[in-house]
Amino acid sequence: MKKINIAIDGPVASGKTSVARLLAKKIKYAYIDTGAMYRAITWKALTCGIDPLDEEKISHMAKNTKIEIFPQDNNASGYEVFLDGTDITGHLTDPMVRQNVSLVSSISSLRKILVELQQNMAKNKGIIMAGRDITTVVIPDSEVKIFLTASREERAKRRHAELLDKGEHITFNEVLEEIKRRDCIDSTRKDSPLMKASDAIEVDCTDKNLYEVVEEIFNISMKVIERDA
């Protein structure tokens, strides 16, 4: 069966990671969460005491950083992220990482470095990639382009429940305000802002469960695969 690339964009907490991970299992493709790369760089920058807006230092650090992503079914994300040979998966959702990742990911020179890496990953097809600019910048020639969205309140509800499960003490309103702030940064940044590609299919998952969304995108993808076979 011919392999294609499936690109999924969407705002924070829209369910991209969970949907892409389950879809990859169902269709037997490799899954790449590009957001994990930016969170990894953010974690390293903060750990090294680098200002999240220091473009020169962060870009220099990224050029000398090895990022590896491996499938892992034993955790919620479905993957492990190794930074310079060390597993940092558990740090990717640290509060300070969440609060600063949108600032770090707005750095143009950093995006150029990571986009090139992501494009190399997608060269041989059979990839499901999720992020903010996958359909518009990273692999705009993807055979299937999805823009996954949900209301802010629904996204905040899901993220709040997720954080409470992890033992974090945070209110729903705090999560909602964080999502509003990140939406603003992601959609207004100068380089590769979050936006729906003109030929992307919008999937609103506000009133759909995870499996319904996966099945919907699976059916869309199979039609394309069978059409191009």
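Which ring does the charged end of Lys26 sit over? I looked it up: the ring of Phe218, with the charged end 4.6 Å from its centre. A charge sits over a ring if NZ of Lys or CZ of Arg is within 6 Å of the ring centre and within 35 degrees of the ring normal.

**Ground rules.** I am reading a predicted model, where local features need pLDDT of at least 70, side-chain atom pairs count only at pLDDT 80 or more, and totals for chains, interfaces and linings use all residues. Residues are numbered from 1 along each chain as its sequence is written, and side-chain values use heavy atoms, with hydrogens and water left out.

**Pockets.** I looked for open space next. A pocket is an open set of points on a 1 Å grid over the protein atoms alone, where a 1.4 Å probe fits, with protein on both sides within 12 Å along at least five of seven lines; lining residues have an atom within 4 Å of a point. Points are joined across faces, edges and corners, and a volume is the space filled by probe spheres set on them.

The largest pocket has a volume of about 980 Å³. I found 41 residues in its lining, with Thr17, Asp33, Arg39, Arg159 and Glu162 closest to the centre. The lining holds eleven nonpolar, 15 polar and 15 charged residues. Here Ala, Val, Leu, Ile, Met, Phe, Trp, Tyr, Cys and Pro count as nonpolar, Asp, Glu, Lys and Arg as charged, and the others, Gly among them, as polar.

The second largest pocket has about 280 Å³ of space. Its lining has 16 residues; Ala30, Tyr31, Phe70, Pro71 and Gly78 lie nearest the centre. Strand 3 gives the largest share, five residues. Helices (H or I, at least four residues) and strands (E, at least two) are DSSP runs, numbered from the N terminus.

**Aromatic pairs.** I searched the whole structure and got two. Rings of Phe, Tyr and Trp (its six-membered ring) pair if their centres lie within 6.5 Å; planes under 30 degrees apart are stacked, over 60 edge-to-face, the rest tilted.

Tyr31 and Tyr79 make a tilted pair, 5.9 Å centre to centre, with 50 degrees between the planes. Tyr31 is in strand 2 and Tyr79 in strand 4, 48 residues apart. Is Tyr31 buried or exposed? Tyr31 is buried, at 12% relative accessible area. Buried means under 20%, exposed over 50%, partly exposed in between (1.4 Å probe, protein chains only). Tyr79 is buried too, at 4%.

Phe70 and Phe82 pair edge-to-face, 5.6 Å centre to centre and 75 degrees between the planes. Phe70 is partly exposed at 36%, whereas Phe82 counts as buried at 19%.
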